[in-house]
Amino acid sequence: MYLPMVLMKYHNILLPNFRRLSLMATKSAAAASVGRHSFSTRIVRDFQESDLRSLKVDRRRFNDTLHDTCKFGTGRRWGDGRTETGMCRLSLTDSDKEVRDWFVQKTKSLGCQVTVDAMGNIFAVRPGRKEAPPTFAGSHLDTQPRGGRYDGILGVLSGVEMLQVLDDHAIETEFPVGVVNWTNEEGARFPIIMVASGVWAGRIPLERAHELQEVGSGKATMKSELERIGYLGATPASHESTPMAAHFELHIEQGPILETTGQKVGVVTAAQAYRWFAVEVKGQEAHTGTTPLSNRADAMLLTSYLIAHSHRLATAHNAVATTGTLEVSPGSVNTIPGCVRFTLDVRAPADETLDTMESDMKRDFAALAAGEDIGGLRSGGTRGKPLTVAWQTDAMTAATRFHPECIDIVRASAVSVTGSDSLVRDMTSGAGHDSVYTNLRCPTSMIFVPSKDGISHNPVEYTSPEDCAIGAEVLLQSVIRYDLLRSTREA
């Protein structure tokens, strides 16, 4: 049987020294019908590999819960089925409050103590046999404005199902375990992604996060909305106030690799670096009919060159660059745009690549604004007046390498659940996740499951119930294996 070295150590220690629990295989069906506590208490520190393999999620309950909670913030319908809708549950909206209230009530009913911090992060902790920082499963319940039912949601709901399974089987972990819902991971309403975990990790100042104003014409800030929905917690948003022993996150892949290769689980070893820029192009407003092309300072025309050039540079540097929002002023059909503001999301596996990309873009954008031609972008056109380009860095994270012990634990759990190492692969995350920030303060790793057609941030985002359950069982095993590892170290 495949076991990474770190797991082999505690496996060999436990095997001769602790009693082997009966799996009660012949009684399991009957026990399930009697009630959730029909098993005698099972202590994790006594677990063997067979005990881990015996733990299964209740697939029907898990799938029903996942989709039932999607009534809070249901989005655009894309099919005829009951669950064939997307999600629109922006952070700190009324629908976000509703799902938060559900999460608090549900985890309390499973014996958890719930803490809300000053960023609205919700920590639900199930006691262990000993007091110590908990091992957490975590992700986020907020979505994109036209998002799906799995991004983030799967990670939190699989954590809740983990608590259910532990409760069903009267399992006592040696140390506390918990589930965390991180606030505004998406950055769709308040424009810094992973902002609340960033505050918890000490990388984003609380004041800056609280003062973030919502995207669009609204005037609400994160702090005002936290107050409005009742989730401005009294606990400081800090890894010192709410320490973690480890953090495991189940997430959909959001890409095509697992589905294409026919594999079931991605063991996430790293996450690529990203930077978000806000770019402002200033020209001169003028009448569209009376202003010759040579006398124009057209901010929209220059913006089109800049976006196209960012794509060329990304191709050259094996990176990705995306413009997701554009604000054109004054926004009149017969007025040449005098100002355009747009975003640039640039990502690459290495920090050095982003350094080069940023330097090249700033150099070339300034040259294009001055009227120079780069790579034939202006070929066939008329040179107009010079314009100006200003930059602001909104957010950035460095490339991340997750903790080797957590990676090994996820890999062992994935092989145990799927029954074959050929169904498991190591992966690098192309997207940012809250685990990037938790990794700065505690051992962390992630678990990926397949995304149909590689689609995410889209109402049609889909992961099959089978794959969701496999991911949830890998998460469950990972948290328990980490509890075992902590037990052996103490011994």
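A: Start with Arg189. This is a predicted model, and Arg189 is buried in it, with a relative accessible area of 10%.

Q: Which residue does Arg189 form a salt bridge with?

A: Glu214. The closest N and O atoms are 2.9 Å apart.

Q: Is Glu214 buried or exposed?

A: Buried. Its relative accessibility is 17%, and the cut-off for buried is under 20%.

Q: New topic. How many salt bridges does a search of the whole structure find?

A: It finds 29.

Q: What about Asp94, which residue does it bridge to?

A: Arg228, with the closest N and O atoms 2.8 Å apart. That pair links distant parts of the chain: Asp94 is in helix α5 (residues 94-109), Arg228 in helix α9 (residues 222-229), and they are 134 residues apart. Arg228 counts as partly exposed, at 44% relative accessibility.

Q: What does Lys264 meet in a salt bridge?

A: The side chain of Glu466, at 3.8 Å, N to O. Lys264 is in the loop between α10 (257-261) and β10 (265-271), whereas Glu466 is in helix α15 (residues 465-490). They are 202 residues apart.

Q: How accessible is Glu466?

A: Partly exposed, at 40% relative accessibility.

Q: Last one. Which residues are linked in a network of salt bridges?

A: Arg45, Arg129, Lys130, Glu172, Glu174 and Glu490.

Notes: Residues are numbered from 1 along each chain as its sequence is written. This is a predicted model: local features need pLDDT of at least 70, side-chain atom pairs count only at pLDDT 80 or more; totals for chains, interfaces and linings use all residues. Side-chain values use heavy atoms; hydrogens and water are left out. A salt bridge is a side-chain nitrogen of Lys or Arg within 4 Å of a carboxyl oxygen of Asp or Glu. Helices (H or I, at least four residues) and strands (E, at least two) are DSSP runs, numbered from the N terminus. Buried means under 20% relative accessible area, exposed over 50%, partly exposed in between (1.4 Å probe, protein chains only).
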